[in-house]
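Subject: A structure for you to look at

Hi there,

Here is the structure I promised to pass on. Have a look at it first, and then read my notes below.

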Amino acid sequence: MDRITSLAARLVEPNRPDRSRHEQEEDADDDDALFAELEEEIENDSNSTMREQGLEMLRREMERMREMKQSQYGTYNEVTDEKEVVRITAHEPRCVVHFYHPNFKRCEIMDKHLATIAKKYFNTRFFRVFVENIPWLVEKLSIKVLPCVICFVKGVTRDRLIGFEELGNNDAFTTAALELRLSVCGVIQKSTGNVMDPIYSVSSKGCREGDDNGDIFDLDE
């Protein structure tokens, strides 16, 4: 059991921000080997029910991680197409979107912090959009002050951070301060570090979510 737990925990390590780029690339290349090793350990489990459930979950998790990596999870990139921005925010479970302009120094500062946080929270999609590329969205979301960071949870706007007012109104705010601010609405969540938790540990039910009161938008409106 300890061996399975150890291997499962290693699967979330590539996105730790304290690892070098070379280490992260090596870890990413080693994912298939890790899954194969974990699969072998599960196959040796004496409990047949646990073994079958574990193997099925492992296969699903492997496919999920591959899809998320293809969708740029764990990175901070730019989306230029307005319809694509709508599609991503409507369909991905959690998104942090930075609406920026290259002429704004504070947007550059926000980029730096978000790029660091994106590596740490693999289950949240982080990206930025140039406001001049998305005029419809800018008007729809009433974006008037930059930088503007909007958090989407299950297709609904749950929170927005305008300028640096909530970060001490100081350009020297820390990444930890922004990270804490984003965690308030649940758009970023700390990983358990073990993809096998649903099978190999007792899990508790999540908190009951309240009614969504955020904005849902559609380009066809």
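Strands β1 and β3 run parallel to each other and are joined by 3 bridges; in this pair, N77 stands opposite F127 of β3. A word on terms: strands (E, at least two residues) and helices (H or I, at least four residues) are DSSP runs numbered from the N terminus, and two strands pair if DSSP finds at least two bridges between them.

Before going further, please keep in mind that this is a predicted model, in which local features need pLDDT of at least 70 and side-chain atom pairs count only at pLDDT 80 or more, while totals for chains, interfaces and linings use all residues. Residues are numbered from 1 along each chain as its sequence is written, and side-chain values use heavy atoms, with hydrogens and water left out.

The sheet

β1 and β3 belong to an open sheet of 5 strands, ordered β1-β3-β2-β4-β5, with mixed pairing. At its edges are β1 (76–78) and β5, each of which pairs on one side only. On average, neighbouring strands are turned by 25° against each other, direction ignored. For such angles, axes are lines fitted to C-alpha atoms (for helices over the stretch in contact), and the angles run from 0 to 180 degrees between N-to-C directions.

At the β5 end, β4 and β5 are antiparallel, with 6 bridges between them. C148 stands opposite I162 in β5. The hairpin of these two strands has 2 residues between them, and K154 takes a positive phi near 55° there.

Helices on the sheet

α6 lies across β1, β2, β3, β4 and β5, and runs at about 160° to β2. α8 also packs on the sheet, where it touches β2, β3, β4 and β5, and its direction makes about 150° with that of β5. Contact here means heavy atoms within 4.5 Å.

Which residues of α8 are buried? In this helix (residues 175–183), they are L178, E179, R181 and L182. They cover an arc of only 160° around the axis, so they sit on the same side of α8; the arc is that of the directions from the helix axis to the C-beta atoms. A176 and L180, on the other side of α8, are exposed. Buried means under 20% relative accessible area, exposed over 50%, and partly exposed in between (1.4 Å probe, protein chains only). The buried residues of α8 pack against β2 (94–100), α6 (105–120), β3 (125–130), β4 (148–153) and β5 (156–162).

Salt bridges

- E179 pairs with K120, their closest N and O atoms being 3.0 Å apart. Because E179 lies in helix α8 and K120 in helix α6, the pair ties together parts that are 59 residues apart in sequence. E179 counts as buried at 13% relative accessibility, and K120 as partly exposed at 39%.
- R181 pairs with E166, with 2.7 Å between the closest N and O atoms. This pair links distant parts of the chain, as E166 is in the loop between β5 and α8 and R181 in helix α8, 15 residues apart. E166 is partly exposed at 47% relative accessibility, whereas R181 is buried at 15%.
- R106 and D171 meet through their side chains at 2.6 Å, N to O. R106 lies in helix α6 and D171 in the loop between β5 and α8, so this pair joins parts that are 65 residues apart in sequence.

Nonpolar cores

A nonpolar core is a set of buried Ala, Val, Leu, Ile, Met, Phe, Trp, Tyr and Cys residues joined through side-chain atoms within 4.5 Å. The largest has 22 residues, of which F99, V129 and I143 touch the most other members. α5 (82–91), β2, β3, α7 (135–140) and β4 each supply at least two residues of this core, and β2 gives the most, with 4 residues. Leaving aside neighbours within four places in sequence, I143 is in contact with F99, V138, C148, I150 and R160. A second, separate core of 21 residues includes A118, V153, V187 and I188.

Enjoy exploring it!

Best wishes

Conventions:
Salt bridge = Lys/Arg side-chain N within 4 Å of Asp/Glu carboxyl O.
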